[in-house]
Every structure is written in C-alpha cells, then in structure tokens.
Amino acid sequence: MNVLVRSLPRVDYPSCWEAMRAFTTERDANTEDEFWVLEHPPVYTLGQAGKPEHVLAPGEIPVVRTDRGGQVTYHGPGQTVIYLMVDVQRLGIGARAVVSALEDSVVDYLRRRGLEAVSRPDAPGVYVNGAKIASLGLRIRRTGSYHGLALNRVDDPAPWRRINPCGHAGQPMTSLAGEGLDPDRASVEQDLVTILAGRLGLTPRTAPPPSWYNSLPG
C-alpha cells in the first residue's frame, strides 16, 4: 500500500490541526494514507491529559489545547514534525503498534547515524543519554490516526525552559545538532519517512501539498 508524503515548508498549528481532523472525519475505506512533513512556528500544545501547571511561563508563545495524547510539548523552527494519517484497521494494527513504530523508527534512524537512542515505557518519546530528542502524541478516531512525532534537529533550549516537557519537570532536551549530527532538514526528513513507512508496511510516494495548505493566507 502507498502512503502519500506531503512536505509543507511551515504551517501554523491550528490550521494544520483542523485539517488533520477534517481529513480523518472525511476519509473512507478507499482513502490513501498520508504523512504530512512540516515545521510549525513557535507553539506550545497541551494534550488531552495536559495539566496547565506544566506550562510555566509561555510568554509570547501561544498555548493550544489539542486532542492528542500526552502532556505539554513545544513545536518550533528547527524541529521536524511528521503527522500520520493512516487507517490502522486496514493496516491490521492498534494504537500501541503505531506508537511503537514511531519510537522505533526514530531509534533506528539515529542508530544508523551512529547515535545510541532508546524509548522508555514510562515516558513516550526517544531519548539520548537521558535527554529527549523526539516527542510524540497520537489520536485515533474511527479507524484513522492523526498527530504523530516531532524530532528536534537544532538546539533552541529557551522555549523548553518555559514548560515541564511532557509533564516532567527538569527534563533535559537535545537535538541532532546538539549531538553532533548534521541537521539538514531535507535529508533528515527523507530518511526518517523512508524508515517509518517501511515499519508500517507502506510505500512512500511524494505528493504535492494538500489543497488546504495552498489556500492559507500569505
């Protein structure tokens, strides 16, 4: 089965979230799966279980209450986000398997680049020497998943200090650049998408940005 891979330079979080929900609501048994690969402008998002007290001092960065799993995280420039709109029933897998595919794909990608990384059963995401390099959150509605993973390519520690990342006070954060790896966006995203698609048994096929993105102002 194919998965359409749509790369978006940068898109604001609310517009993208609304489009993910609409895609999931409108899809049917014949709808092809899609990955949306993108960056967001600076934003904090609170998951369904998110506690406002974990947002310490957001300042000028907006806070959005969203419907993914998990607590609070940060998205911004220098971070690659991959959203998965896949039919989990058609793939014959459940939510836990999708989460594992996300984590294992990042671990595999980092190991191929010479960086030892692990996932943790008590705190979803991917870690390097205890520092978090990738965050994830997922929602499954009807038979479709949406939301996905965020991999830090470059260091921007200031926004993370304003929250308790994923609800863990003092959680250290890291990035590809911070671990001495080339953070080139195009190559990172191509390699990671290939690994993730393979773990889900999908064949990636490049597609143009979706119509909703092309209609955004500016």
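**Exercise 1.** Determine which strand gives the most to the lining of the largest pocket.

*Solution.* Strand β9 gives the most, with five residues. Strands here are DSSP runs (E, at least two residues) and helices are H or I runs of at least four, numbered from the N terminus. The model is predicted: local features need pLDDT of at least 70 and side-chain atom pairs pLDDT 80 or more, whereas totals for chains, interfaces and linings use all residues. Residues are numbered from 1 along each chain as its sequence is written, and side-chain values use heavy atoms, without hydrogens and water.

Next, β5 (72–75), β6 (79–85), β9 (131–141) and β10 (144–152) each supply at least two lining residues. By class, the lining holds 11 nonpolar, 10 polar and two charged residues; Ala, Val, Leu, Ile, Met, Phe, Trp, Tyr, Cys and Pro count as nonpolar, Asp, Glu, Lys and Arg as charged, and the others, Gly among them, as polar.

**Exercise 2.** State which helix gives the most to the lining of the second largest pocket.

*Solution.* Helix α4 (residues 157–161) does, with three residues. The lining of this second pocket comprises nine nonpolar, nine polar and three charged residues.

**Exercise 3.** Describe how helices α3 and α5 pack, and at what angle.

*Solution.* Helix α3 (residues 95–112) packs against helix α5 (residues 185–199) at about 130 degrees, with the axes 9 Å apart. Axes are lines fitted to C-alpha atoms, for helices over the stretch in contact, and angles run from 0 to 180 degrees between N-to-C directions. α3 is therefore oblique to α5 (under 35 degrees is roughly parallel, over 145 roughly antiparallel, 65 to 115 roughly perpendicular, and the rest oblique).

The contact residues divide into eight nonpolar, one polar and five charged.
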